[in-house]
Amino acid sequence: MKSSYLIFTAFMALASCALAFDPSPLQDFCVAINDTNNGVFVNGKFCKDPKLATANDFFFSVKEGNTSNSLGSKVTPVAVNEILGLNTLGISLARIDFAPRGLNPPHTHPRATEILIVLEGTLYVGFVTSNPQNRLITKVLNKGDVFVFPIGLIHFQLNVGYGNALAMAGLSSQNPGVITVANAVFGSNPKISSDVLTKAFQVDNKIVDNLQKQFWLDNN
């Protein structure tokens, strides 16, 4: 009985790990379709008849991002909503443009690990490990350098060079999601109670009120 329980526990642990990421596709591809009358629901999107797939279902043109904003950065995602052919394939990417001193602020991807390569410029990047250590791990990256941000951990990128910077990020999900920390905490709709935030951050109520009145930019 004890051995059966251990086997069952091990199986459930493996199953939970498998379900933590995008399910593996059961066919060559499954192009997403918005017309639910002519599709089959698989892996989060309705699928087009494979015989009707075209090259455009697997294509997207990425333009230079407009960094003329308060953060000085622009993230251009290329996920399943941009390339319908990514449906069920468990992968996506993003182009990140930085003005001088531009910041991609602390954020997390709840469904994906990220691997980033710097194409131009110099970036100071880092992530914070989970409780209770909350250890900050950072690195200065130059052109050609690659860095990995583990799934679910808060991370950031700051342009510390003298000119513009450009990076490309690969993500292990067709729809990785993004939660920007400041936007979520101080810019939620409706607002989080100031009683909660003053207690959590151990600050005066006026500071919380001021932060909640700010315009929290979404650079995605």
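Student: What do F127, F147 and F149 form?

Tutor: Together, F127, F147 and F149 make up one aromatic cluster. This is a predicted model in which local features need pLDDT of at least 70 and side-chain atom pairs count only at pLDDT 80 or more, while totals for chains, interfaces and linings use all residues. Residues are numbered from 1 along each chain as its sequence is written, and side-chain values use heavy atoms, with hydrogens and water left out.

Student: How many aromatic pairs does the structure hold?

Tutor: There are five aromatic pairs. Rings of Phe, Tyr and Trp (its six-membered ring) pair if their centres lie within 6.5 Å; planes under 30 degrees apart are stacked, over 60 edge-to-face, the rest tilted.

Student: Why is the pair of Y124 and F156 called tilted?

Tutor: The ring centres of Y124 and F156 are 5.6 Å apart and the planes stand at 50°, so the pair is tilted.

Student: What makes the pair of Y124 and F156 tie together parts that are apart in sequence?

Tutor: Y124 belongs to strand β8 (residues 123-128) and F156 to strand β11 (residues 155-159), so the pair links parts that are 32 residues apart in sequence. Strands (E, at least two residues) and helices (H or I, at least four) are DSSP runs, numbered from the N terminus.

Student: Is F156 buried or exposed, and how does Y124 count?

Tutor: Buried means under 20% relative accessible area, exposed over 50%, partly exposed in between (1.4 Å probe, protein chains only). F156 has 13%, so F156 is buried. Y124 has 26% relative accessibility, so Y124 is partly exposed. Of the 220 residues of the protein, 33% count as buried.

Student: Which order do the strands of the open sheet with β8 and β11 have?

Tutor: The order is β9-β8-β11-β6-β13, five strands with antiparallel pairing. β9 (136-141) and β13 (179-180) are its edge strands, each pairing on one side only.

Student: How do you know that strand β6 pairs with β11?

Tutor: Two strands pair if DSSP finds at least two bridges between them. Three bridges join β6 (residues 103-108) to β11, so by that rule the strands pair, and they run antiparallel. L103 has L158 of β11 as its bridge partner.

Student: What makes β4 and β10 edge strands?

Tutor: Another open sheet has five strands in the order β4-β5-β12-β7-β10, with antiparallel pairing. Within that sheet, β4 (73-78) and β10 (146-149) each pair on one side only. Its neighbouring strands are turned by 20° against each other on average, direction ignored. Over how many bridges do β5 and β12 pair? Strand β5 (residues 92-98) pairs with strand β12 (residues 165-171) over seven bridges, in the antiparallel sense. L93 stands opposite G170 in β12.

Student: Where is L89, and how does L89 count by relative accessibility?

Tutor: L89 sits in the loop between β4 and β5. Its relative accessibility is 36%, so L89 is partly exposed. L89 and S173 are 84 residues apart in sequence and 7.8 Å apart in space, C-alpha to C-alpha.

Student: At what angle do helix α3 and helix α4 pack?

Tutor: Helix α3 (residues 194-201) packs against helix α4 (residues 205-213) at about 115°, with the axes 9 Å apart. Axes are lines fitted to C-alpha atoms, for helices over the stretch in contact, and angles run from 0 to 180 degrees between N-to-C directions. S194, L197 and T198 of α3 make the contact with N205, V208, D209 and Q212 of α4. Contact means heavy atoms within 4.5 Å.
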